[in-house]
Amino acid sequence: MLRLRKCVVSCILSSPSTSAISPLRRLLSAAASPPISPNPSSFAVEDYLVGTCGLSRPQALKASKKLSHLNSPANPDAVLAFLAGLGLSGADAAAVVAKDPQFLGAKVDKTLAPVVAGLTGLGLSSPEIARIVSLTPDGFRRRSILSRLLKRSSCLLFSDLDKVVKPNVVFLRECGLGDCDIAKLCIHGPRMLTTNLERVRAMVTCAEGIGVPRGSAMFRKALHAVAFQSKEKIAAKVDYLKNTFRWSDAEASIAVRKYPGLLRKSKESLKHRSEFLFSEVGLEPAYIAHRPEILSYSMEGRLRPRYYVIKFLKQSGLLDRDLSLYSAVKMTDKVFVEKLICPHKEAAAHLAEDYAAACKGEVPTNFRFT
């Protein structure tokens, strides 16, 4: 959904995208004759997700519950061929399926292909369309995505390019942002390019005020974090962070500088994480301040389930090294499973299933510690 904004910005920053008619024909051709998986009469969804789609066993277990209606690999095969035709790699396709398992049930001819045709008509290239699929597969399989794209991107589409948009782009370039950075900046906030230049200058000053200088790697994220927020609101959020995480002024400054996104986090989510990290995990305020990215991860989808796994392995004597929660949550799901789940299939046969259940918000018996 958000990719059209980047496309519009790209058209401003460079020449228009080339026609995607050929890629469209290519992907439709690929989907028309997909490879057929063996034994369709005994179709096992979970095994298909692992063997054909490349999901890990816990991912497949979780995803299969949403695909119980499938009794043949025909449609999933067609969808995988469609994704390959768009240019997605096997790993990319696996990520799409893990994020939205029901994508495998979408009809290529009735849903996916018409969406591609509509997006190419808007000027998006095949790689740009592939990126939309990766970012929001659940939205892509709904044909209403086209009207939503136009509605949410209207401020860019109908702004004065020469008097408003381009001067802002020039200024942001002078601040050290590349064209790709500017496009990414506008994915979630297209108003950045359509507001008046003086207001953009004020936002840049505000980003520098939280300790992130122009030209630094974190500057784009800092600019997004402070965009359209008053100094009073930012100061109030910093005070809340100090009180919630027991930080000194210096520690709060370090945390915000390293992870400006803290300024966009809701008070409820911050409080929830502070209670968990302090009370259950036992982390110190200074530790969190120097590793604030830990606050960016989902509580239910990553922090809590991985903490449970680590604690279970330690209590069972199965973890032969001192692995921190921070190191664990930074791992991709695939790496985490390979390093901390698979090696213990015999000693803890239930671990994969328990981890999958924990990722859904459940607390398996083996993860109820006293």
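Student: What makes helix α12 and helix α15 count as roughly parallel?

Tutor: This is a predicted model, where local features need pLDDT of at least 70, side-chain atom pairs count only at pLDDT 80 or more, and totals for chains, interfaces and linings use all residues. Residues are numbered from 1 along each chain as its sequence is written, and side-chain values use heavy atoms, leaving out hydrogens and water. Now, α12 (residues 161-174) and α15 (residues 197-209) pack at an angle of about 25°, with axes 10 Å apart. The axes are lines fitted to C-alpha atoms, for helices over the stretch in contact, and angles run from 0 to 180 degrees between N-to-C directions. Angles under 35 degrees count as roughly parallel, over 145 as roughly antiparallel, 65 to 115 as roughly perpendicular and the rest as oblique. So α12 and α15 get the label roughly parallel.

Student: Which residues make the contact?

Tutor: Pro-167, Asn-168, Phe-171 and Leu-172 come from α12, and Leu-197, Val-200, Arg-201 and Val-204 from α15. Contact here means heavy atoms within 4.5 Å. By class there are 6 nonpolar, 1 polar and 1 charged residues. For those classes, Ala, Val, Leu, Ile, Met, Phe, Trp, Tyr, Cys and Pro are nonpolar, Asp, Glu, Lys and Arg are charged, and the others, Gly among them, are polar.

Student: What does Leu-197 touch?

Tutor: Leaving aside residues up to four places away in sequence, Leu-197 touches Pro-167, Asn-168 and Phe-171. Leu-197 and Phe-171 are 26 residues apart in sequence and 8.2 Å apart in space, C-alpha to C-alpha.

Student: Why is Leu-197 called partly exposed?

Tutor: Its relative accessible area is 26%. Buried means under 20%, exposed over 50%, and partly exposed in between (1.4 Å probe, protein chains only). So Leu-197 lands in the partly exposed class.

Student: How do you know how α21 and α24 are oriented?

Tutor: α21 and helix α24 (residues 351-359) pack at an angle of about 150°, with their axes 8 Å apart. That angle makes α21 and α24 roughly antiparallel. Their crossing is right-handed. Among the residues in contact are Arg-306, Tyr-308 and Phe-312 of α21 and Tyr-355 of α24. This contact has 9 nonpolar, 1 polar and 2 charged residues.

Student: What makes Asp-333 and Arg-306 a salt bridge?

Tutor: Their closest N and O atoms are 3.7 Å apart, and a salt bridge is a side-chain nitrogen of Lys or Arg within 4 Å of a carboxyl oxygen of Asp or Glu. Asp-333 lies in helix α23 (residues 333-341) and Arg-306 in helix α21 (residues 299-315), so the pair ties together parts 27 residues apart in sequence. Asp-333 is buried at 19%, and Arg-306 is buried at 1%.

Student: How many salt bridges are there in the whole structure?

Tutor: The search finds 13. One of them joins the side chains of Asp-100 and Arg-141 at 2.6 Å, N to O. That pair links distant parts of the chain, 41 residues apart, with Asp-100 in the loop between α6 and α7 and Arg-141 in the loop between α9 and α10. Asp-100, at 6% relative accessibility, is buried, and so is Arg-141, at 18%.

Student: How many helices and strands does the chain have?

Tutor: There are 24 helices and 0 strands. Helices (H or I, at least four residues) and strands (E, at least two) are DSSP runs, numbered from the N terminus. Of the chain's 370 residues, 48% count as buried.

Notes:
A crossing is left-handed if the near helix is turned anticlockwise from the far one by less than a right angle, and right-handed if clockwise.
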